[in-house]
Amino acid sequence: MIVTRSWLNEFINLGGVTNERLYTTFNSIGLEVDSIKSYDIPQKVVVGKVLSCQKHPDADKLNVCEVDVGDGVKQIVCGAANVVDAEYVAVALVGAKLPGDLEIKFATLRGVESEGMICSTSELGLPGMGSGIMMLDESIGKLEIGKELRNYETIADTLIELELTANRGDCLSIYGVARDLSVALDLDIAPFSHQSKRGEKIGIARMAELHSKGEMKADLLYALMTTDRIDLPFLIGLRLAMIEAEAEETIEKLLTYATHTTGVILRAYDAESLKHDDKISLNVLSQEDGIVILSAGERNLGSVGIAQNATTKPSAQNRLILLEASYIPPDLLVASVAGKSIEKDTLYYRTSRGSEPNISFGMEYLASLLENDAALFYDGSLGVSANHKRESLIVDCEEIHSLIGQVIENGRVIGILKSLGFEIQSSQSERFGVRIPQFRHDVKNIQDLTEEIVRIVGINNIQAKPLEFVESNRLGETTPYYAFKRGLRERAVGCGFFENVSYLFCEKRKLDEYGFDLLDPSADLTNPIVEELNTLRSTITVNLLEALGRNIKYGAKSVALFEIGAVVDTDRREKEVLTLIFSGQEALEGVANSGKPAMIHFASFAEKIGLIIGDFTLQECTYSNKLLHPYQSADLYCRGKRCGFVSKLHPLVQEAYGANDTFIAELDMGALIPVHKNAKPISKFQGVYKDLSLVVAKDVAYSKVESEISSLKIEILQKWYPIDLYTDEALGEKKSLTVRFFIQSLEKTLEESDIEYVMSAIMKRLEMSCQAALR
């Protein structure tokens, strides 16, 4: 975006602001300065008035001019063709030093003396405006003959090129930049108004009418004018050259200038060609996809914000001209055009980034440029408008302070937002509502608002400090549970198991066949995906058995699978279980076992479970289903709580699947979750292992023996576990049970009496409660 100091001065008074301050301010408010250039007009270049112009007597392409330069009339020979039409010109007097080390001296050209040079813009270091000399007018200010051109601020201007981010379409105009700058410099922005000086006017309704169809998504405003000529003031031409605007027709140049100044999208049409029965009938069609189509009768005029039909543009010969100002929300426009092969013109760049929504302002400014003694505007205008929704945000000052890292007074926050055009809906507390102006479509959230405040406060005025990032505690009940499950998986894989993944669905016939719970009919599936998956499972063991069967068919000699998944009860309440199955050889065939590894058995399967879940105990099995072995099954307890079952597979089921010895276990995940563990002291004194061989009745379970030993609560008795179980005919209805004890004190080295006390207490309790005897 290119602006000039004098151009900005039309909206804000920059009289007391230096170029250095402008540069600093632009950068601090996020309008980064890409380049800045001041046009320094040489001394002794003055305003002159051409009094006469005669052909050179000895050169067809030269003219001899009498030019009033204030302190006298100078004879100057000029080769520019347009000097014959010039009245006020820029004259470099003798002694002036122009760019390129060109010093003006007295000269004789083809026998005619010349006392200076009538200059073009490029000869003074200004942007080129085509061939010919500068033809000055009062657009640059009041013309005073003999006044040095360097004293005209509109010519000796400062050009500033700004690098805008893609979201700042509101600053793609002189007015938009001035609006931002006025807030940063705490200057008032001058309102613009234009009143026509022509008294007699004809109503526009006599010549044109407007019809709209569909839910309108764009704002449109039309004016009509007649003119015999359209003039281009010198200053407008110079500024267009400065911004490198390309346009051929004068009307097109004025439209470009007005759009660059106001930000409003402006177009012109050859109105005479649009007339039908001496009247212009404009049609606006708002399509469902967001594109707004314009037409006049059967003739297509183009699409709002996208492109104009080139054949409808006016030329210098046209006398009746239709002017249009438009606005369409850029987000809507871009979304509508995306993915479509639609031809776009140069103005689409502005409309897609965000143009000025105050289209009346643009039309008034354009009228001020066009209206002269040869132009007449019809009275009134035609237009349609859309119901644009303006977004609102709730602002929490504490949140703004947190984002900035510094406290900004609430009054200043509100003042900055008001100055930037934001409407404050309530400001009685730390929280207030803010209504976003239509020209700031890029502001979506509190972070965007905070950025606006930081821009105006100035990033250099924000105290530098380390970023403080405080993350809220996001660890809930699911986090430790997830870690627990992951740990189970890793340990199961480490013990040689492969993870199985299966559907929550199962075949109802198999659940019923093996004696597992079935869903209540009112809670069962109504539309199963296939007949084999016609209910929700109440156990995962059936799914693992199916996987076992497939592996056996593939020739696997050892199958070890586990799955962690959901099961349901009869009322469809879910819980997660860990299910394991191990079938066949306990280890891989190899040299160590001579290619004949042992088969898995109850003890080795239980040991693998222990490596996965930790310490547990087994008690008499209370579960009932047809997969359990009648003699090799047990309830598994963890920390005194029943978790599930472990069992050898029933021989009939094992035979049905063609499997070798197979063991299964299904454990409730909720019961396995570990509780908080307190650290225990470790003794520095040596401990002692002692074995005790007992003879007890065959119907006395080890769990009974363990319970009685535990009830003694002997402090130095650290742990105990069975190491041998023996029966023979000599023992009759009894069995031999050997238990190993570990005795250790935290306070002293054990004495024989301490050990004897422990063993005697244990034997005495077991004699009384279990009718045990020493073997």
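This is a predicted model: local features need pLDDT of at least 70, side-chain atom pairs count only at pLDDT 80 or more; totals for chains, interfaces and linings use all residues.
Colleague: Which residues in α10 and α11 meet?

Modeller: Arg412, Val413, Ile416 and Leu417 from α10 meet Leu449, Glu452, Ile453, Ile456 and Val457 from α11. By class, that contact has seven nonpolar, two charged and no polar residues.

Colleague: What makes β1 and β13 a pair?

Modeller: Pairing takes at least two bridges, and strand β1 (residues 2-4) has three with β13 (residues 158-163), in the antiparallel sense. Isoleucine 2 stands opposite glutamate 161 there.

Colleague: And how do you know that β2 and β13 pair?

Modeller: By the bridge count again: six of them, antiparallel, for β2 (residues 32-38) with β13, against a cut-off of at least two. Lysine 37 faces leucine 159 in that pairing.

Colleague: Which residues touch the most other members of the largest nonpolar core?

Modeller: Phe26, Leu136, Leu149, Ile155 and Leu323, out of 103 residues. Helix α8 (residues 359-370) gives the largest share of this core, seven residues.

Colleague: What does phenylalanine 26 touch, leaving out residues up to four places away in sequence?

Modeller: Leu8, Leu31, Glu32, Val33, Ile160, Leu162, Val177 and Leu181.

Colleague: What makes the core with Ala271 a second one?

Modeller: Core members are joined through side-chain atoms within 4.5 Å, and this set of 33 residues is separate. Val292, Ile328 and Leu333 are among its members.

Terms used:
Residues are numbered from 1 along each chain as its sequence is written. Side-chain values use heavy atoms; hydrogens and water are left out. Helices (H or I, at least four residues) and strands (E, at least two) are DSSP runs, numbered from the N terminus. Contact means heavy atoms within 4.5 Å. Ala, Val, Leu, Ile, Met, Phe, Trp, Tyr, Cys and Pro count as nonpolar, Asp, Glu, Lys and Arg as charged, and the others, Gly among them, as polar. Buried means under 20% relative accessible area, exposed over 50%, partly exposed in between (1.4 Å probe, protein chains only).
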